[in-house]
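Look over the two chains below before reading on. The text then takes up the contact between them and a few backbone details.

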Amino acid sequence: MIQKIKLWLIIPLVTMIVSIGLIVLIRPVLGIDFTGGSLLEIETKGMVPENVGAALEQELGLTSAVQSGEGSRLLIRTTALSESQHQEVLRILSEKDILIEELRFESIGPTIGAELRRKTVMAVAVALVILVVYLTYTFRKAGGLISPWKFGVAAIYALVHDLLFVTAMFVILGAWLGVSIDTLFVTAMLVILGYSVNDTIVIFNRAKSDWLSAHSGSLLNILDDANKNSLTRSLNTGFMTLLVLGALLLLGGPSIRWFIVALIAGITVGTYSSIFVAPPLLYFLAKRR
Amino acid sequence: MRQETKRLWLIVLGIGVLTGLATWVDVPGHPTISLGSFSRDLEFKLGLDLQGGSHLVYRADVTGISEDDIPDSLAGVRDVIERRVNAFGVSEPIVQTNRAGNEQRVIVELAGVHDPGMAIKLIGETPQLDFRREVVNEEAMQQFNVDDPAKITGPVFERTNLTGKHLKRAAVSFDQVLGQPQVNLEFDGEGSDMFAELTRDNLGKRIAIYLDGVPISAPVVQAEITSGQAVISGGFTLEEAKQLSQRLNAGALPVPIELIGQQIIGPSLGQLSIKQSVTAGVAGLVIVMVWMTLFYRLPGVVASIALLLYAILFLALIKLIPITLTLAGIAGFILTVGMAMDANVLIFERFRENLRAGRSVSYALKDGFQEAWSSIWASNVSGLLSALVLYSFGTSIVRGFALTLALGIVLSMFTAVTVTRVLLSLVLAVRFVQRPFWLAVRSMKSPS
């Protein structure tokens, strides 16, 4: 499957470079939980978003980004509102006969947003370091084959590949449909982190045990056989996880829709990367002494 | 062999009892259970994102409070807010303090409160009572750095250490001359001493009572007051006097707080999410069980039973611990379902490989478990490590995820490995099922 090793070293590299390019060029739409600001979701009597924005601008001098949501719902994004400003907005919306019900209101000060960003990055970074250490420990017995730390690095490489891919996808979705990168997205990334590493471990482990029992053959063949032997398992597990996610996408509420989309993309790319991204890099690392 | 079978049946019995208990816990509508000092009501605790409600974040202004006293002041703020929201009639409010960098925060979660305007008012407008003494002009001059004393008009008041903290209780009474409503204050021991000292030092001068930084009355001290009693007569209406005394009784905030963030999730959104998520979750589980059964036949049925058991035990533990269910938590659950199934898939794939290689059923099973174990162990440990790191560094939403992930991993090791193993060992010992059809392989050695 990965006998065309050069190809499988280049494709992930290209994917990652393109992803980074997209993220840098288009820039993600960050949710208010990361930037600070206010988000108001209301049930309306079927209003055009532009009119609502204009009404708020005119009455309160408030700049807002208004977006249509599910059905006759509207999402209004502004800078962080104080409680009295919030009440003002609601008053104007009722006066203009727009508002039926306030569904959600979030107002997050800029300090909380910055702190959330910092903490999240910190948590993920520490998790990655610990995973490399643990994988090095787990594969310590594979020393005869490849130095153990290379397993960890290859697994994290595949993981970063997956996270970049999904982030780039959401950056595009953000530019196209206004989907924002918020805490729920971060949670999805954490799930992908867990899944991707798990998937890669299984294949590496297979390669290790095949090597230990056979003690011969070329490294590329061992890795390729590990892929082939684990293929049913990889596809089956990926498929079943996708089944659960598919049910959640179809039947779950709109509030978790993009979250599920992120998971579906992540599980798919995670399954792919454990076969076509991690083993080739491991091979590449092993060949460089 | 007999001995071994007996042992397996005993384990099955144990699992059965455990499942029975967990199912009993899962069924809704139980009264509170109590075992000795352990008592737990068996209701799901839903996070605000599922239930709807208000999440308010306050910043406590601790300037001028020494580092050592900060934890105490914050605990005071928490207690006061708790009393206030309890008076508001919110069931199980969550009031937490936490430190973020240099900031001291108080987080208030009010489940089911969709109009937080009232709550914010109640929490934010908590009266801050303090007593101030009149400053003679030279002193005032020094303090405010004004050159000409004539420019200072009216009395100037300076903060003293006596504040609402030293209040024991407040009550409404009526002015005996005019019959006007007023508020009686009674100080605690320390407060009484401070008040006595204050009145002794300021005989003939005025002491101002400030509420939220605004003077509401400034009587002249006629005599030293040692009884620890004071009166605020601020020209209140009866309603105002009642409200003030109520609020003073609930306690004044030791330090001022400021609302810096709020999240309000409306009722329809919350209910919609939970109902839909549950339907979706059940549908997802059923589909996975059907797929496992179609793909792996008899072992698939056993894995489905283990998965069902996993779901039942997971829900029971969520109720018992209790863990607040959030969307992030549900995400953690989905991941662990995937991992639990993965454990079984790994085992069954190895099992089938062994069968195809012509090994006997019992050997193929034993060896399948053994070979799959190192993969299962490595993935689960790496999952647990991630969960641990995320829990220690993450914010509340990340923590909710980490907690369910950790719980799910530990539990799934039990159901997907132990339970599956025991059940399979028993089922596959039956000769009748040792055929290719039941084990989802094309060819195998016939039972000997």
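Predicted model: local features only at pLDDT ≥ 70, side-chain atom pairs only at ≥ 80, totals over all residues.

For the complex, the predictor reports an ipTM of 0.80 and a pTM of 0.75. Chain B has a mean pLDDT of 79, with 84% of its residues at 70 or more.

The contact involves 54 residues of chain A and 60 residues of chain B. On the side of chain A that touches chain B, at least two residues come from each of α4 (83-95), β4 (99-108), α5 (110-138), α7 (183-214) and α8 (219-251). Sorted by class, that side of chain A holds 27 nonpolar, 19 polar and 8 charged residues.

Now to the backbone. Most residues other than glycine have a negative phi. A:Arg27 has a positive phi, near 65 degrees. This residue sits in the loop between α1 (5-26) and α2 (32-35) of chain A. Is A:Arg27 buried or exposed? A:Arg27 counts as exposed because it has 11 C-beta neighbours inside 10 Å, and the cut-off for exposed is 12 or fewer.

B:Arg297 likewise has a positive phi, near 55 degrees. B:Arg297 lies in helix α8 (residues 267-320) of chain B. With 19 other C-beta atoms within 10 Å, B:Arg297 is partly exposed, since a buried residue needs 20 or more.

Note on methods
Residues numbered from 1 in each chain as written. Chains lettered and ligands numbered in written order. pLDDT = per-residue confidence, 0-100. Helix = DSSP H or I, 4+ residues; strand = E, 2+ residues; numbered from the N terminus. Contact = placed C-beta atoms within 7 Å. Nonpolar A, V, L, I, M, F, W, Y, C, P; charged D, E, K, R; others polar.
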